[in-house]
Amino acid sequence: MRRCDRLYFLVADPLVGQWLRELNPTAESLEGFYAEGKDRTKTYDQIARTLVQATTSGLTVCAVFYGHPGCFVQASHLAIRRLRRLGYPAEMKPGISADACLYADLGINPGDIGMQHYEASDFLLRRRKVDPTAGLLLWQVGVLGRSISLAAPADPAKMALLVAKLKKSYPAGHAVVIYYAATFPGDPYSATAVPLSRLATTEIMPAALVYLKPAYQREDDPRMYKALVVAEAPGSPH
Ligand SMILES: C[S@@+](CC[C@H](N)C(=O)[O-])C[C@H]1O[C@@H](n2cnc3c(N)ncnc32)[C@H](O)[C@@H]1O
């Protein structure tokens, strides 16, 4: 970030932008590409073009996206793909995503329970399937059905559509956790559980992750157990 010729950023807090400008005076926000009513895919394309143009003009470019730069961020992947096609050695460095914070704060091991991740609008628009024996993380619920991120909570009418879909797989009283990771060291996280039946009228801001723990026991498959585990046991004929 310090050494690049041009630093771009898309971050969640103005203080972070200020810190980046102190690190590198070329730092420039990409937020101006977002606008009310503007198609998000156009914004992502314009951000990617900006990064590609700066690079092809001969500059060493670094783009900073909050959390993990490749987790629920399209512009970063788009820019890297385009640059690699043009022969530039573009690469992404991992960061700490909101779900990584949730695992730590709420003591959840996705390896134990299995975890499904969906972008909330995509979850509804594309008939995504749910497995209620695994965990479910819904991203961008606060901007459900909206083309941009406003500093306003999710629309209750749109939330009702999400609740109706979830009720097909989960009991109405199932606890849904609205989680906000801390964004600065020392800040607390916030996690509030509400019954699914009350989710539509609960305030959900754009920076929330919505988590549903498994509602039912996983099913054992004895035939698979025999083929996979018993076959490996010491003394087995295999
Ligand atoms: C465009 S995505 C960016 C995610 C980010 N790149 C990451 O790795 O966490 C924005 C979505 O991430 C989730 N998110 C962002 N900040 C969060 C926070 N502080 N706590 C919980 N979820 C957050 C929300 O679901 C939000 O709608």
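Trainee: Leaving aside neighbours within four places in sequence, which residues is valine 210 in contact with?

Mentor: This is a predicted model, in which local features need pLDDT of at least 70 and side-chain atom pairs count only at pLDDT 80 or more, while totals for chains, interfaces and linings use all residues. Residues are numbered from 1 along each chain as its sequence is written. Two residues are in contact if their C-beta atoms, placed from the backbone, lie within 7 Å. Once neighbours within four places in sequence are set aside, the contacts of valine 210 are Leu138, Val141, Val176, Ile178 and Ile204.

Trainee: In strand 8, which residue is the bridge partner of leucine 138?

Mentor: Helices (H or I, at least four residues) and strands (E, at least two) are DSSP runs, numbered from the N terminus, and two strands pair if DSSP finds at least two bridges between them. Strand 5 (residues 135-139) pairs with strand 8 (residues 209-212) in the antiparallel sense over three bridges. Within strand 8, the partner of leucine 138 is valine 210.

Trainee: Do strand 4 and strand 5 pair in the parallel or antiparallel sense, and which residue stands opposite leucine 138 there?

Mentor: Strand 4 (residues 115-119) and strand 5 are joined over five bridges, and the sense of their pairing is parallel. The residue that stands opposite leucine 138 of strand 5 is tyrosine 118.

Trainee: How many residues of strand 5 are buried, and why is leucine 137 counted as partly exposed?

Mentor: A residue is buried if 20 or more other C-beta atoms lie within 10 Å of its own, exposed if 12 or fewer, and partly exposed in between, with C-beta atoms placed from the backbone. Strand 5 is mostly covered, since four of its five residues are buried. Leucine 137, which is found in strand 5, is partly exposed because the number of other C-beta atoms within 10 Å is 19.

Trainee: How far apart in space are leucine 137 and lysine 168, C-alpha to C-alpha?

Mentor: Along the sequence, leucine 137 and lysine 168 are 31 residues apart. In space, taken from C-alpha to C-alpha, their separation is 17 Å.
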